[in-house]
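Me: I am new to this structure and would like to go through it in questions and answers. Please show it first.

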Amino acid sequence: MSVGPSTTARSKNQGVREQPLHSLRAPLPLIMLALLVVGAMLLPIAYLVVRAITADANIVQQLFHPRTITVFGSTVLLATSVTATCILVGVPLAWLTVASDMPGRRWFAVLTALPLVIPTYIGGYAIVSALGPRGALQVLLGRLFGVERLPELYGFWGAWLALALFSYPYVLLSVQSGLRGLDPALEEASRSLGFGPWRTFWRVTLPQLRPSIAAGALLVALYTLSDFGAVSLLQFNSFSRAIYVQYRGAFDRDYAAALALVLVLLTAVVLGAEMWTRGRARYHRSTVGVVKPRPRAKLGPWRWPAIIFCSVVVLIALVMPVGVVSFWLVRGLQEGEPLRLVWSAAWNSVYTAAAAAVFAVFAALPIAILAVRFRSRWTTVFEGIAYGGYALPGIVIALALVRFASQYTPLLYQTLALMIFAYVLRFLPQALGTIRSTLLSVSPSLEEAARSLGYSPLRVTLRVTLPLIRPGILSGAALVFLTAMKELPTTLLLGPIGFKTLATATWTATAEGFFARAAAPALLIIVVSAFSMLFVLRDTWSDQH
Amino acid sequence: MLPSAVRRLVPALMTIGILVACGTPSSPTGAAGTTSTTPATASASSSAGGSITVYSGRNEELVGQLIEQFQTSTGITVNVKYADTAELAATIMEEGANSPADVFFAQDAGALGALAAEDRLAKLPDTILQSVEQRFRSPEGEWAGVSGRARAVVYNTKNVTEADLPQSIFGFTDPKWKGRLGWAPTNGSFQAFVTALRVLEGDAKAREWLEGIKANEPKVYENNTAVVKAAAAGEIDAGFVNHYYLVRQLQEQGESFGARNYYFTKGDPGALINVAGVGVLNSSKNQEAAQQFVQFLLSAEAQRYFADKTYEYPLAAGVQPNSALPPLSEIQSPELDLSKLEDLKGTLQLLQDLGIL
């Protein structure tokens with residue numbers, strides 16, 4: 001590797017602040033673009049506010065009902081424990097696959113990231129049929145050891161397990177790219193000053209990884225708040241489930257809106273926490289020069305527990321769900337169910353998700369550049385608003401856009417354009433997070449040099465900044481692509497009439513309990529997404545040759 | 001530079017695209033990617049028939065074929081949006097007068113009731129209404145039931161015989177059922193049943209039943225299919241479901257399937273019959289074609305389809321139900337105006353107060 005994105009180091013010298021470029025005003029076109037994006041992101045929130053305001057006064061009473069408060073508490077508990085678990089699983093996995101000499105680490109780097117492609121509404125079913133009462137595991141243990149009953153899966157533990165298993169890769173991927181950008185010189189300095197390997201990890205490596213961990217954890221926490229698939233299948237009464245119940249059972253859109261606004265507030269709190277961990281520290285290298293390649297930590301006898309740890313994660317988070325779905329498929333085929341390889345739906349999924357990925361990157365760039373390079377109260381607010389909708393369940397975003405589009409832009413209503421717009425609204429934060437953290441690790445001095453050589457600000461952005469943050473752009477695009485592939489409610493309600501994707505094909509079958517028919521599209525989602533995942537991970541692969 | 005980033009992204013996407021495209025020829029019919037499958041025969045005459053848009057809360061697996069039959073026989077193109085019934089009802093409410101939908105085909109009477117309460121449904125012509133028994137349609141004539149779904153108790157045939165099962169749904173509050181029951185309280189059909197219980201027996205009695213069942217620590221499931229499977233697996237001995245989920249499993253898995261249905265009689269609230277129904281939106285500009293669609297759903301052809309394919313009860317045209325089912329008259333469902341099942345809010349409140357939801 002030559003100079004570039006990976007020239008990072010962190011110097012937390014108080015008093016050393018970025019000054020030169022920051023004293024420049026942000027370029028106007030950038031601000032205009034950011035305002036446009038922020039305006040779009042405000043649509044769903046505006047809808048919720050209008051709904052909640054026009055509702056009757058009873059709403060407030062309902063919101064502060066002890067029952068609502070209990071659900072709120074358990075939702076916070078779920079989000080906290082899922083996030084903590086994802087960090088505990090994701091950080092060691094990232095270190096083992098990137099920074100150690102663990103045998104098979106390249107394979108594990110790919111396999112441990114793949115659970116991200118499994119939608120919770122499929123993964124949840126898989127967990128129930130594998131680990132539920134009378135599931136495959138119980139039958140097996142029953143035969144071998146006469147185990148009658150497994151610990152209760154439904155409720156908190158089931159939801160926790162499902163969400164942690166399918167969202168820890170957010171932390172893993174973020175920390176992997178963070179680790180790859182670290183300058184090992186700091187760690188070497190630490191070792192030479194007499195710190196042992198553990199102490200070096202805790203005191204030097206981990207603090208430098210803080211922004212990557214926080215970025216991944218933020219996505220996990222907000223995703224946990226918004227998810228409906230896992231909590232409904234595993235029967236945990238979270239806030240998003242409460243919102244769905246209001247829509248589905250009571251047709252009470254006002255109360256649902258009020259509940260959703262609470263989620264928006266909660267998002268603000270989570271964001272505040274994440275921004276607080278960022279502080280004002282710098283994470284880029286302050287000197288010029290080439291980063292030497294990271295020497296791999298020698299695991300010695302520890303490689304065996306490491307391999308077992310990685311294998312167990314892969315087994316539970318990837319092999320088990322894929323195995324269950326494949327079993328549905330095989331059983332269905334044996335019973336004469338035709339193999340329904342819905343290629344047209346696969347193609348629809350791929351190109352709409354790809355479009356969403358490209359647009360999300362374009363929308364995220366101005367916000368990320370403003371937030372990092374022209375940091376001010378306003379640019380921070382912009383960034384916060386961009387995350388605003390991420391914790392909202394899909395149905396809320398979908399209905400908000402149904403309202404706006406059918407009233408104000410009927411020509412766009414139920415077109416692909418609107419559906420992709422909704423995808424971008426929902427998933428922009430994923431691109432924002434990765435772009436932002438890569439941008440943080442790039443020293444502004446390169447941009448300053450380009451400026452001093454007479455480049456216009458726009459040219460600096462295009463010719464210097466963007467090439468440097470390419471890894472962040474690519475992984476952001478891939479994350480958006482993956483989640484858009486799985487997206488259900490906005491596809492069903494906002495897509496053109498008759499538009500089918502793999503996600504809707506899977507839903508159509510599972511909604512009536514035809515699991516054999518759901519298997520083919522569900523496996524296709526996983527396979528197609530896995531391909532795009534390999535694309536994200538190809539750096540990991542080449543890195544390690 | 002961004003273009004170079006895009007340059008790296010595009011080939012990868014194209015690779016996927018090519019992979020997908022290579023597979024396409026194997027299923028040439030699927031390539032169109034739309035449900036508005038306009039068969040060649042229909043498209044020829046579609047100019048004569050026009051087109052309508054149907055929002056269907058009923059699953060494509062269940063009614064897709066039937067809608068195609070309608071297209072073929074009338075030449076009217078039907079564009080169908082499939083999604084969850086309640087979410088579609090909410091969508092229609094948000095769309096207001098601009099709704100592209102002409103017809104709402106709902107999984108349950110409650111969603112139709114909610115739209116009727118917001119004054120979004122047009123009154124159906126009497127000729128259509130009269131083909132359905134009065135108790136299975138809206139008293140104001142805003143929607144008509146299309147197929148009937150009986151509440152039933154699914155039981156494990158190894159652990160329980162029919163003689164062990166109580167005569168009334170209230171019998172299940174007996175402590176001897178502790179730990180042996182299953183239900184799906186988030187399910188619309190279960191909530192409709194609780195609403196019926198409140199209407200028939202009063203709120204106090206309904207609360208008593210729910211508390212009694214809850215005291216027996218029932219296992220909670222996401223949907224009816226899960227309850228039926230749990231009963232067959234012996235995870236539970238009995239569960240509260242709609243009748244057809246079991247019939248479907250029997251067809252799929254054969255007679256060895258470990259569960260059967262039990263129906264209450266004598267007007268017990270447990271013998272409620274709810275309907276999936278249809279209404280025409282008053283904002284529709286294709287009233288005539290929309291009514292034609294409703295009429296078709298109540299025709300002998302469509303009613304036979306429901307009897308044979310979805311194992312529901314036909315409600316019109318004198319069609320007999322599937323032979324595996326007891327006739328409607330034998331179930332002796334309670335006397336109840338289905339439009340009164342719209343007070344779901346009260347039911348949800350009750351379920352939440354008791355900590356069931």
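Me: How far apart do the C-alpha centres of domain 1 and domain 2 of chain A lie?
Reply: The model is predicted: local features need pLDDT of at least 70, side-chain atom pairs count only at pLDDT 80 or more, and totals for chains, interfaces and linings use all residues. Residues are numbered from 1 along each chain as its sequence is written, while chains are lettered from A and ligands numbered from 1 in the order in which they are written. Chain A is divided into domain 1 (24-51 + 337-545) and domain 2 (55-280 + 299-336), with bounds from an automatic or database domain assignment. Their C-alpha centres are separated by 20 Å.

Me: Which element gives the largest share of the side of domain 1 of chain A that touches domain 2 of chain A?
Reply: Contact here requires C-beta atoms, placed from the backbone, within 7 Å, and it takes 49 residues from domain 1 of chain A and 55 residues from domain 2 of chain A. On the domain 1 side, the elements giving two or more residues include α1, α15, α16 (394-408) and α23 (515-543) of chain A; helices (H or I, at least four residues) and strands (E, at least two) are DSSP runs, numbered from the N terminus. The largest share of that side, 18 residues, comes from α23(A).

Me: Is Gln414(A) buried or exposed?
Reply: Gln414(A) lies in the loop between α16 and α17 of chain A and has a positive phi of about 55° although it is not a glycine. A residue is buried if 20 or more other C-beta atoms lie within 10 Å of its own, exposed if 12 or fewer, and partly exposed in between, with C-beta atoms placed from the backbone. With 21 other C-beta atoms within 10 Å, Gln414(A) is buried.

Me: Is Glu217(B) buried or exposed?
Reply: Glu217(B), which is not a glycine either, has a positive phi of about 50°. This residue lies in the loop between α8 (203-215) and β6 (219-220) of chain B. Since Glu217(B) has 12 other C-beta atoms within 10 Å, the residue is exposed.

Me: Which residue of β9(B) is the bridge partner of Gly148(B)?
Reply: Strand β4 (residues 144-156) of chain B is mostly covered, with 13 of its 13 residues buried. β4(B) pairs with strand β9 (residues 273-280) of chain B in the antiparallel sense over six bridges; pairing requires that DSSP finds at least two bridges between two strands. In β9(B), the partner of Gly148(B) is Val275(B).

How values were computed. Two residues are in contact if their C-beta atoms, placed from the backbone, lie within 7 Å.
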